[in-house]
Amino acid sequence: MACATMMKAIAGATTTTTTTRTTTRTTTRGRASRCVTRASATTAPATLKRGVVTGQDMIDVLNHAREHGYAIPAVNCTMSPVINACLEAAKKANAPMIVQFSNGGGHFMAGKGLDNKDQQAAVRGCVAGALMVRELADAYGVPVILHTDHCAKNLLPWFDGLLEANEKYFAQHGEPLFSSHMLDLSEEPIEENLEICKEYLTRMKKINCFLEMEIGITGGEEDGVDNSDVAPEDLYSKPEEIYQVYEALQPIAPDFYSIAAAFGNVHGVYSPGNVKLTPKILKNAQAYVKDKTGSASDKPIYFVFHGGSGSSPEEIAEAVSYGVIKMNIDTDTQWSFWEGTRAYEAKNHAYLQGQIGNPEGEQKPNKKYYDPRAWVRASEQATVDRLLGAYKDLGAIGACAK
């Protein structure tokens with residue numbers, strides 16, 4: 001009902017726009033929002049907008065993270081309980097959160113019973129999830145970035161569908177539905193990667209939608225994409241390659257993109273010693289870009305840390321110190337969600353063997369134990385606990401009070 005009501009509101013909304021010197025103020029049914037004309041601010045404001053943030057409000061959050069030395073967890077959400085856990089953890093941590101959807105997660109949100117021809121189910125599921133987050137985020141009192149994860153070349157129809165949804169939403173509300181999207185063309189030649197990113201960023205800039213791109217390959221497996229056998233040298237980005245990205249994208253939308261650079265990071269969790277992270281790659285790249293551009297900032301690039309699950313607190317802290325403002329977490333939250341259910345079943349096993357009959361009596365009902373709200377809530381709570389650990393590792397506890 002909430003999504004249906006929102007879609008009706010979208011259809012009936014009207015927009016008026018007035019231009020100021022540096023930003024555009026867009027009013028939709030009496031509600032004002034900032035739209036970016038140039039995302040070049042280097043100083044974060046004293047207070048951050050609560051609820052879903054886009055455009056300059058999103059840049060304010062990223063700059064706040066960079067200035068105060070923390071990064072924001074980004075969690076792949078596949079269903080509403082995972083979204084709830086993310087928002088609850090963010091509220092408890094008093095810190096921003098990035099809710100993101102993968103292609104497969106979007107399809108799951110829509111229902112696996114739907115045919116995903118032309119990526120339509122994945123698009124609809126991501127849009128439905130975004131609308132849910134928009135309805136709830138403000139109530140949790142923290143900034144929330146709405147994002148979609150890896151989009152390889154074969155998934156561009158999904159990306160196109162998401163941009164169409166953003167453009168429709170922007171026409172009615174003066175801001176995109178999503179804060180940002182990721183293009184992952186790291187398996188393509190760098191020239192093709194950059195050309196496609198330039199094409200899409202040009203389109204996204206018009207609706208103040210931020211781009212994340214990947215250079216170098218994140219190893220491991222996630223959401224059906226298996227890079228387990230990738231050549232070792234492809235797991236490490238070079239400063240010159242990162243500067244190529246800067247040169248390609250900066251003229252189109254200054255500082256309105258982030259780079260998921262490869263520094264040995266992998267998706268999944270592996271035994272100690274099997275993953276060789278080299279965060280100094282990020283430090284060297286920042287210095288290289290600063291030297292080439294004469295930037296006043298020691299961290300001119302917004303970096304993203306993919307494959308954060310299983311990383312040590314020391315590795316995470318080092319990466320954050322070099323300008324990482326976002327860290328993806330998927331494998332660990334998948335496990336925490338399962339662990340919550342597993343622990344619930346173990347604790348209440350005797351009450352989960354039938355609808356009637358338990359240690360309290362043969363005729364005693366068990367409905368309150370097998371009600372999905374009971375064991376799903378246990379999974380939410382376990383995931384909240386795991387995310388609070390991530391917030392601590394990322395130096396983000398109490399970030400909104402800084």
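**A walk through the fold**

Of the contacts in the protein with a separation of 6 or more, 67% join residues 24 or more positions apart. Contact here means heavy atoms within 4.5 Å. The model is predicted: local features need pLDDT of at least 70, side-chain atom pairs count only at pLDDT 80 or more, and totals for chains, interfaces and linings use all residues. Residues are numbered from 1 along each chain as its sequence is written, and side-chain values use heavy atoms, with hydrogens and water left out.

The secondary structure comes to 13 helices and 17 strands. Helices (H or I, at least four residues) and strands (E, at least two) are DSSP runs, numbered from the N terminus. The protein has 402 residues, and 54% of them count as buried. Buried means under 20% relative accessible area, exposed over 50%, and partly exposed in between (1.4 Å probe, protein chains only).

Start with helix H10, residues 313-321. Its buried residues are Ile316, Ala319 and Val320. Seen down the axis of H10, they fall within an arc of 100°, so they line one face of the helix. The arc is that of the directions from the helix axis to the C-beta atoms. These buried residues pack against helix H9 (280-293), strand E14 (303-305), strand E15 (324-329) and helix H13 (372-393). After H10 comes Gly323, with a positive phi near 105°.

H13 also meets helix H11 (residues 331-347). The axes of H11 and H13 come within 7 Å and cross at roughly 135°. Axes are lines fitted to C-alpha atoms, for helices over the stretch in contact, and angles run from 0 to 180 degrees between N-to-C directions. The angle makes H11 oblique to H13. Angles under 35 degrees count as roughly parallel, over 145 as roughly antiparallel, 65 to 115 as roughly perpendicular and the rest as oblique. H11 passes H13 in a right-handed crossing. A crossing is right-handed if the near helix is turned clockwise from the far one by less than a right angle, and left-handed if anticlockwise. On H11, the contact residues include Phe337, Gly340 and Tyr344. Among those on H13 are Trp375, Ala378 and Leu387.

Now turn to H7 (190-205). The axes of H7 and helix H8 (residues 239-249) come within 10 Å and cross at roughly 30°. That makes H7 roughly parallel to H8. This crossing, too, is right-handed. H7 contributes Ile190, Leu194, Cys197, Lys198 and Leu201 to the contact. H8 contributes Glu241, Gln244, Val245, Ala248 and Leu249.

The loop between H7 and strand E9 (210-215) holds Lys206. Lys206 is exposed, with a relative accessible area of 63%. Its C-alpha lies 9.0 Å from that of Glu167, 39 residues away in sequence. Asn208 sits in the loop between H7 and E9 as well. At 6% relative accessibility, Asn208 counts as buried. Its phi is positive, about 60°, although Asn208 is not a glycine.

Asp118 is another residue other than glycine with a positive phi, near 60°. It is found in the loop between helix H4 (103-110) and helix H5 (120-140). Asp118 is exposed, with a relative accessible area of 55%.
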